Amino acid sequence: MRAFLLKVWVVIKKPFDAHQATYNIIIATATAFTLIWGVITFNLLQQKEKAEADLNEIHTRIRNSESTTVNLKATFFEDDDGFYIYPVVTIKNNGKDKIVLSLDANALTVNKVFLEGDQAVAETTYHPSFFERISDNENEDSKQFQMIVVPVDGERTLPYALKVKDKGAYFISFSAGAYLDKDKVEIDKHELVWFASQYINVK
């Protein structure tokens, strides 16, 4: 009986012994596939987490931008040979982070405009500067601000001034982007900026 059972076991075992190498290859392939799949899944999860973190950061910066208010108020004064226009920009930071704004040469624009119905055409354009120091020496240039920091719950007032000769409608606009690249926010490849504008009638 024992000899019979031994023969049966040999018959059953033989195909497995003959194909052991094939089974080893299958097992190794399956193991390698599992490892590769694990690595791919891990990388995808990392990319998803990074994308979500980047998106949350952008949303936070947008909320901070929206929490910052920019107001523009202009007045004018007439003298014998022209008019003085005094635009004042007030920036209030209601966000949770400080903001640093870039003040380039075109931050403030004043256009004398010709209005015809709902159409406006700029006749003359001015770009007054926000000065840090006004020189009293004709051989030395006045110093202009290139950027401005507005702390959390802080407020900054930017006074401008220019002189014009003609009466009429003037369109005044203020536009400033983030001074630091890390603070810049883009939607559809358009950079978000802080903006305010006003029409005044000089007469």
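In the protein chain, residues 24 or more positions apart account for 66% of the contacts with a separation of 6 or more, a contact being heavy atoms within 4.5 Å. The structure is a predicted model, in which local features need pLDDT of at least 70 and side-chain atom pairs count only at pLDDT 80 or more, whereas totals for chains, interfaces and linings use all residues. Residues are numbered from 1 along each chain as its sequence is written, and side-chain values use heavy atoms, with hydrogens and water left out.

The protein chain has two helices and 14 strands. These elements are DSSP runs numbered from the N terminus, with helices (H or I) of at least four residues and strands (E) of at least two. The accessible surface of the chain comes to about 14,600 Å², and 57% of this surface belongs to carbon and sulfur atoms; areas were computed by the Shrake-Rupley method with a 1.4 Å probe, and for residues only the protein chains shown count as cover. Of the 203 residues in the chain, 26% are buried. Buried means under 20% relative accessible area, exposed means over 50%, and partly exposed lies in between (1.4 Å probe, protein chains only).

Strand β2 takes part in several pairings, where two strands pair if DSSP finds at least two bridges between them. Strand β1 (residues 68-79) pairs with β2 (residues 82-93) in the antiparallel sense, over twelve bridges. The two strands are joined by a hairpin of two residues, and Glu 78 has Phe 83 in β2 as its bridge partner. Strand β2 also pairs with β9 (residues 155-159), in the antiparallel sense and over five bridges; here Val 89 stands opposite Leu 158. A further antiparallel pairing, over three bridges, is formed between β2 and β10 (residues 162-164), with Tyr 84 opposite Lys 163.

The largest nonpolar core has 29 residues, and those with the most contacts inside it are Val 89, Ile 91, Leu 158 and Phe 174. Such a core is a set of buried Ala, Val, Leu, Ile, Met, Phe, Trp, Tyr and Cys residues joined through side-chain atoms within 4.5 Å. Two or more residues of this core come from each of β1, β2, β3 (99-102), β4, β8 (147-150), β10, β11 (168-176) and β14 (194-202). When residues up to four places away in sequence are not counted, Val 89 touches Val 70, Asn 71, Leu 72, Leu 108, Arg 156, Thr 157, Leu 158, Tyr 160 and Phe 174.

Asn 111 is located in strand β4 (residues 108-116). With a relative accessibility of 12%, Asn 111 counts as buried. Its contacts, again without residues up to four places away in sequence, are Ala 122, Thr 124, Thr 125, Ala 169, Tyr 170 and Phe 171.

Side chains of opposite charge can pair when their charged atoms come close. A salt bridge is defined here as a side-chain nitrogen of Lys or Arg within 4 Å of a carboxyl oxygen of Asp or Glu, and the count by this rule comes to five. One of them joins the side chains of Asp 81 and Lys 163, at 2.9 Å from N to O. This pair links distant parts of the chain, as Asp 81 is in the loop between β1 and β2 and Lys 163 is in strand β10, 82 residues apart. Asp 81 is partly exposed at 46% relative accessible area, and Lys 163 is partly exposed at 36%.

Another salt bridge is formed by Lys 143 and Glu 132 (3.8 Å, N to O). Lys 143 lies in strand β7 (residues 143-144) and Glu 132 in strand β6 (residues 131-133), so the pair ties together parts eleven residues apart in sequence. Lys 143 is partly exposed at 40%, as is Glu 132 at 41%. Glu 140 and Arg 133 also meet in a salt bridge, at 3.3 Å from N to O. Glu 140 has a relative accessibility of 37% and counts as partly exposed; Arg 133, at 38%, counts as partly exposed.

A search of the whole structure finds five aromatic pairs. Rings of Phe, Tyr and Trp (its six-membered ring) pair if their centres lie within 6.5 Å; planes under 30 degrees apart count as stacked, over 60 as edge-to-face and the rest as tilted. The rings of Phe 130 and Phe 145 are stacked, because their centres are 4.7 Å apart and their planes are at 15°. Phe 130 is buried at 11% relative accessible area, whereas Phe 145 is partly exposed at 28%. Ring pairs also link Phe 77, Tyr 84 and Tyr 86 into a cluster.
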